[in-house]
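Subject: Structure for your files

Hello,

Here is the structure I said I would pass on. My notes follow below it.

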Amino acid sequence: MSALPDGGQLATCMPADALPALAHAGGMAPDLPEALVTCRLQEAPAFLSAIADDLDNAASSVLAFRRHAILPGRDAVRLYFGLRRLARLTQDAFQDYWLNHHADYGRRLIPPYSYHQLHTASSETNELAQGTGLAASTLDGVVEVHFPDIEALVRQLSREDVAKGALEDERNFIDHSRSQFWAYREHI
């Protein structure tokens, strides 16, 4: 934590039994990251250098993104949904649909919690990967929703309008079979 830049965020993966079966997640994916670190792009190389001895390079990747704070905020539990687009969509079409259509579901269904869309910036991701020697993430984006506790997360995602309505629209742009969904504990 001491190497984390000012304003950086650290979240660690919650245990395998943290979430019950939810419409979005059938269980914990074997390739979920153990930790998520978020910092400004210009600070990432120095941060990664500072923690290089603690990294498993073969199991680590980097992702540069553009954050869209649909519903701003931050809390103790972070829902992480690492997205991969349907094969028929370009990255631009995927991100456009997500931001300009699907975000309306978040605005209606997520309050009082936060909702952020992290849109992959491919060229910056590739530059960061080359500069750090880590793999470039293959995600097209990441959903972040923050909750005060795991019970609030489960309650919210179990609602009929979330479990059915939002999920139905996600099938227009998300390849669920290649996407990752789990809960992380924020270290605020």
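In which sense do S5 and S9 pair, and over how many bridges? The two strands are antiparallel, and 6 bridges hold the pairing. Please keep in mind that this is a predicted model.

The sheet

S5 and S9 belong to an open sheet of 7 strands, ordered S2-S1-S9-S5-S8-S6-S4 with antiparallel pairing. At the edges are strand S2 (35-38) and strand S4 (65-71); each has a single partner strand, so one side of each has no neighbour in the sheet. From one strand to the next the twist averages 25°.

S5 is mostly covered, with 7 of its 7 residues buried. This holds for both of its faces: Val77, Leu79, Phe81 and Leu83 are buried on one side, and Arg78, Tyr80 and Gly82 on the other.

Helix H2 lies across S4, S5, S6 and S8. Relative to S6 (115-120), H2 runs at about 180°.

Aromatic pairs

A search of the whole structure gives 6 aromatic pairs. One of them is Tyr80 with Tyr184: the ring centres are 5.4 Å apart and the planes are at 65°, so this pair is edge-to-face. Tyr80 is in strand S5 (residues 77-83) and Tyr184 in strand S9 (residues 180-186), so the pair links parts of the chain that are 104 residues apart. Both tyrosines, Tyr80 and Tyr184, are buried.

Another pair is Phe94 with Phe173, where the centres are 5.5 Å apart and the planes at 45°, so the pair is tilted. This pair also links distant parts of the chain, 79 residues apart: Phe94 is in helix H2 (residues 91-109), while Phe173 is in the loop between helix H5 (160-170) and S9. Phe94 and Phe173 are both buried.

Phe94 and Phe173 are also members of a cluster linked by ring pairs, together with Tyr97 and Trp98.

A separate item concerns a charge and a ring. The charged end of Arg108 sits over the ring of Tyr105, at 4.7 Å from the ring centre.

The chain as a whole

The secondary structure of the protein chain amounts to 5 helices and 9 strands. Read from the N terminus, the order of elements is β-β-α-β-β-β-α-β-α-β-β-α-α-β.

How does the radius of gyration of the protein chain compare with that of a compact globule of 188 residues? The globule would have a value near 16 Å and the protein chain has 16 Å, so the two agree. The C-alpha trace spans about 45 × 35 × 30 Å along its principal axes.

Of the 188 residues in the protein chain, 47% count as buried. Among contacts with a separation of 6 or more, 87% are between residues 24 or more positions apart. The Tyr80 and Tyr184 pair, at 104 residues apart, and the Phe94 and Phe173 pair, at 79 residues apart, are examples of links between distant parts of the chain.

Regards

Note on methods
Residues numbered from 1 in each chain as written. Predicted model: local features only at pLDDT ≥ 70, side-chain atom pairs only at ≥ 80, totals over all residues. Heavy atoms only, no water. Phe/Tyr/Trp six-rings, centres within 6.5 Å; stacked < 30°, edge-to-face > 60°. Helix = DSSP H or I, 4+ residues; strand = E, 2+ residues; numbered from the N terminus. Buried < 20%, exposed > 50% of the residue type's maximum accessible area, 1.4 Å probe, protein only. Lys NZ or Arg CZ within 6 Å of the ring centre and 35° of its normal. Pairing = 2+ DSSP bridges. Axes fitted to C-alpha atoms, helices over the stretch in contact; angles between N-to-C directions. Contact = heavy atoms within 4.5 Å. Rg over C-alpha atoms; globule rule 2.2 N^0.38 Å.
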